[in-house]
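The description follows the structure shown below.

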Amino acid sequence: MPFWAWMLLFLGVPAGAVGVAAFEGSSGGFTLYNLRAATTGVYLQGFENTLELALITSVVPAICGAVLAYAVHTSPRAGFRRAIVTAAGVLANFGGVPLAFLFIASVGAETSLVTNWLNAIGLNLYGTGFTLYSFWGVALVYMYWQVPLMVLVVLPAFEALRPSWQEAASGLGARSWHYWRYVGIPVLMPSLLASTLLLFGWAMAAYATAQALTAGTLALTPLQIGSFLNGNVLAGQQNVGYALAFGLVVIVAVVMVGYALLQRRASRWLR
Amino acid sequence: MSATTSPLGLGFGAQAEPGAVPGARSPGTGTGRPRGLKRALAARGRVRFWRLAVLVVAGAYFLVPLWAGLRYSLAYDGAGWSLQAYSGLSGQQGFGTAVWLSVQLAVVATGVTLALMVPTVLYVHLKLPRVRRVMDFVTSLPIVIPPVVLIIGVLDVAPGWLKASPFLLALEYVVLAVPFAWRALDTGVRAIDARTLVDASRSLGAGPLTMLRRVLLPNLRAAVLSATVLTVALVLGEYTMASLDQFSTFPAWIVLFDQSNSHVSEAASLMSLVLTWVVLLLISMIGRPRRSGRRRLWRRAAGAGRVATTPVGTGLAGASGGAGGLGADPARAQKAYLWSSAVVAERRDNDLEGGRS
């Protein structure tokens, strides 16, 4: 089938090339040198930062996104729901420099719009040592597309919550807290966790936004891979970039296997 | 869709006077409601409040940066408002070329994605249902392999003539779009009970092409539309691969063009968002049939299909197969099928409507 040919040619072959190059010395031949270089020093720091960033920007947006998705899901107006889904689709793909500029205009400097607002109510944002170009700044901006993404992926899961269950629960005397504690959350849990893992993988892979904000000053693995491609590389380390890429794929792959297992469990309720 | 209307139908009464004794306004019997129900109604009032609060907070988070960007781009000289940043933008070198390249890539990538994925999804559903699990896995591979990894692999192996062409990007965007296209189309096909439609139209003498064009595609309109929208949004926003492959698509151009005036950069950022939005809006307007009379009913049936058609559809489609013997028109089978489920959907909505007032 043409589909398989396409995937093999444009996905399998390049990915295979990365895997091979990761174990190849700069003058050919098998070596583990690249992998060792990729897991020490500044590259190890890059992996640590990336994992930490991905953890924060998947858990927090997952919670916010789930709450927002439920609010949208319970809305009685179909047109409104459709508008939100479309907006989420656009915002989830909105990143890179344009997004960075919007945030620079909001909180990029001590006299930006939101910084001024916060000053007016007595909160000095920059007094706390915050800058947009640091770890926490990047995390704040990541949420701008992670939350819509969560809304998009988790919205179908709410379809599984039959209103009759809630009616049955309240008929049996359950308060809404009981309902969520014993029915709603347990049913949704696999979907929620799976979506969180998806966000995690997404945040690990993100390149454009961090690149635009920090221009490479923050050590993040995708940025380091990109800088290898741009030729910023020490002699003899030409293939370390491939090893970094390989490491990134391995981490994301582990996460996605978890996602697949949870999805299988979640789909039990969606029939 | 219908799943949500039921509790909220009740919510209407609760919202007007959350704590009120319902008796007089209660639908149906007119006697007082049982205690559990009263409590449930109060809970619905609270849900409405929280929903509003959540939507307002989320709206603020998403709109404030846009507002800040807009203000900044309009304050060109620091004194008063002006549109100078925007008029300066289109005069920038390469603006037109970059937009045009992005549009071309979007068209090519979307065309190839649909041509590749629609037959694949249908084939897997109709002929190889067991392969669906495998497909779920394979189509999530592009998520596992991040774009930044994919592009270094591509640049490593691609032949020179292909690397020289920006359309290499379009071919790779197809790969990036596959996870979204697969999910959108898969959901769509699952919702329409494709097997019954195919069996019905085949028994009426339709060939594979007729079947695809007159029966399956019209029913999959919503799914195809959402696959298109997702692909186009992806291509118009993609920066990583374009910049590392050193082609000036619109997102890459924004970074590269003269950054000496930050107001113009801000304007460009907003323009990119607006551009994407306009294109998506156009697509969904073109893709949607005009809303009038009978057509609207069909569309609703196709949209709300999952609930209404699954149990009922099978029987009714069988019946319409018999009726179709008179005209021997495959499209008629489809119409009859959709009509009947539209009636079912309508009736169900009316029931809910009655419970609400």
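B:Val278 belongs to helix 14 of chain B, residues 262-287; helices are DSSP runs (H or I, at least four residues), numbered from the N terminus. With a relative accessible area of 44%, B:Val278 is partly exposed, where buried means under 20%, exposed over 50% and partly exposed in between (1.4 Å probe, protein chains only).

Together with B:Val274, B:Leu281, B:Leu282, B:Met285 and B:Ile286, B:Val278 makes a nonpolar surface patch of about 600 Å². Such patches consist of residues with over 30% relative accessible area and no salt bridge, nonpolar side chains (Val, Leu, Ile, Met, Phe, Trp, Tyr) being joined within 5 Å. Areas come from the Shrake-Rupley method with a 1.4 Å probe, and for residues only the protein chains shown count as cover.

## Salt bridges

Over all chains there are two salt bridges, each defined as a side-chain nitrogen of Lys or Arg within 4 Å of a carboxyl oxygen of Asp or Glu. B:Asp186 pairs with B:Arg132, their closest N and O atoms lying 3.7 Å apart. B:Asp186 is in helix 8 (residues 167-192) and B:Arg132 in helix 5 (residues 132-144) of chain B, so this pair ties together parts 54 residues apart in sequence.

B:Asp186 also forms a salt bridge with B:Arg190 (2.7 Å, N to O). These two residues are four apart in helix 8 of chain B, about one helical turn. Shared partners join B:Arg132, B:Asp186 and B:Arg190 into one salt-bridge network.

## Basis of the values

The model is predicted: local features need pLDDT of at least 70 and side-chain atom pairs pLDDT 80 or more, while totals for chains, interfaces and linings use all residues. Residues are numbered from 1 along each chain as its sequence is written, chains are lettered from A and ligands numbered from 1 in the order written, and side-chain values use heavy atoms, without hydrogens and water.

Definitions and conventions. Patch = residues over 30% accessible without salt bridge, like charges linked within 9 Å, V, L, I, M, F, W, Y side chains within 5 Å.
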